[in-house]
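Let's take a walk through a protein together.

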Amino acid sequence: MNLHPGGMPATTRVGRGERLRRLPPALVTDLPVLGLLVLCWLLVPIAWAHLATGLALAGLIGVHLRTRPRQVARLSRRDRRPGSARQAGRRLGYGVFLAAAAAMTVTGLLRWSGVPPQYVWHGGISYLLLTLVVVHLWSIRRPLWARLRPRDPARRCR
Ligand code: HEM
Ligand code: HEM
């Protein structure tokens, strides 16, 4: 058996970082974005809480995109192959989606700096983003489900 110097089985000592790595990846990088989106929306009436969750949300969206650099890079690459009209549509859709996420953050910061709501359309842009998130969730439902299942059931966290 694999023993530690103190005689304890090595498998019983699992660090917090290691435990985090064993969790399904969607629990770490995808579902928290959804949770914060809903929380941020629910907290609109409490200005400071809405701002705090809004800033955290912007950070988490950054993490969400950084965990899939190849997919994000592919969206900005030109595809000259025939029959790539569907790909072009997908790229356009994701372009609008990413622009809406950036606009939500920038207009939120402008609201924070005191610009009146009628000049920045922050509420409208943010609701547009929420709608696009619903479309995104529908289009990635299968990979999301796959990411929610543990990679190796034998290594599941107890
Ligand atoms: C404003 C919020 C969000 C933005 C801007 C965003 C953006 C993106 C982008 C650009 C991609 C790569 C697209 C591609 O496949 O080419 C992606 C993939 C993905 N997103 Fe999001 N996302 C957001 C929210 C969410 C949420 C809330 C979830 C789930 C709870 C989610 C789950 C996923 C998954 C599972 C993939 C991988 C899809 C695949 O492997 O084909 N995203 N996201
Ligand atoms: C789920 C995403 C979000 C939704 C649905 C949302 C919605 C709203 C709405 C409806 C308002 C009131 C109208 C207005 O003052 O323009 C508002 C205000 C505000 N939002 Fe957001 N927002 C979101 C994300 C964010 C983010 C990411 C930030 C910061 C980066 C932010 C910062 C602010 C600020 C500072 C205000 C003004 C608060 C006040 O003076 O009462 N919001 N938001």
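A residue counts as near a molecule if its C-beta atom, placed from the backbone, lies within 6 Å of it. With that in hand, look at ligand 2: of the 23 residues around it, G54, G108, P117, G123 and S126 come nearest. Before going on, some bookkeeping: residues are numbered from 1 along each chain as its sequence is written, while chains are lettered from A and ligands numbered from 1 in the order in which they are written. Also, this is a predicted model, where local features need pLDDT of at least 70, side-chain atom pairs count only at pLDDT 80 or more, and totals for chains, interfaces and linings use all residues.

What is the protein built from? It has nine helices and zero strands. Helices (H or I, at least four residues) and strands (E, at least two) are DSSP runs, numbered from the N terminus. Buried residues make up 9% of the 158 residues; buried means that 20 or more other C-beta atoms lie within 10 Å of a residue's own, exposed means 12 or fewer, and partly exposed is in between, with C-beta atoms placed from the backbone.

Back to ligand 2. The elements that give two or more residues to its shell are helix 3 (31-42), helix 4 (47-66), helix 6 (85-112) and helix 8 (122-139). Helix 4 gives the most, with seven residues. By type, the shell splits into 15 nonpolar, seven polar and one charged. Here Ala, Val, Leu, Ile, Met, Phe, Trp, Tyr, Cys and Pro count as nonpolar, Asp, Glu, Lys and Arg as charged, and the others, Gly among them, as polar.

Now find ligand 1. It is surrounded by 25 residues, and the closest are D30, L34, Q71, P143 and L144. Two or more residues each come from helix 3, helix 4, helix 5 (69-76), helix 6, helix 8 and helix 9 (141-148). This shell holds 18 nonpolar, three polar and four charged residues.

How do the helices sit against each other? Start with helix 3 and helix 4, which pack at an angle of about 155°, with their axes 9 Å apart. (Axes are lines fitted to C-alpha atoms, for helices over the stretch in contact, and angles run from 0 to 180 degrees between N-to-C directions.) Helix 3 and helix 4 are therefore roughly antiparallel to each other; angles under 35 degrees count as roughly parallel, over 145 as roughly antiparallel, 65 to 115 as roughly perpendicular and the rest as oblique. Residues touching here include L36 and C40 of helix 3, and H50 and L57 of helix 4, where contact means C-beta atoms, placed from the backbone, within 7 Å. The whole contact has ten nonpolar, four polar and no charged residues.

Finally, zoom in on H50, in helix 4. Is H50 buried or partly exposed? H50 is partly exposed, because 19 other C-beta atoms lie within 10 Å. Not counting residues up to four places away in sequence, H50 touches C40, L43 and V44.

Technical notes. Contact = placed C-beta atoms within 7 Å.
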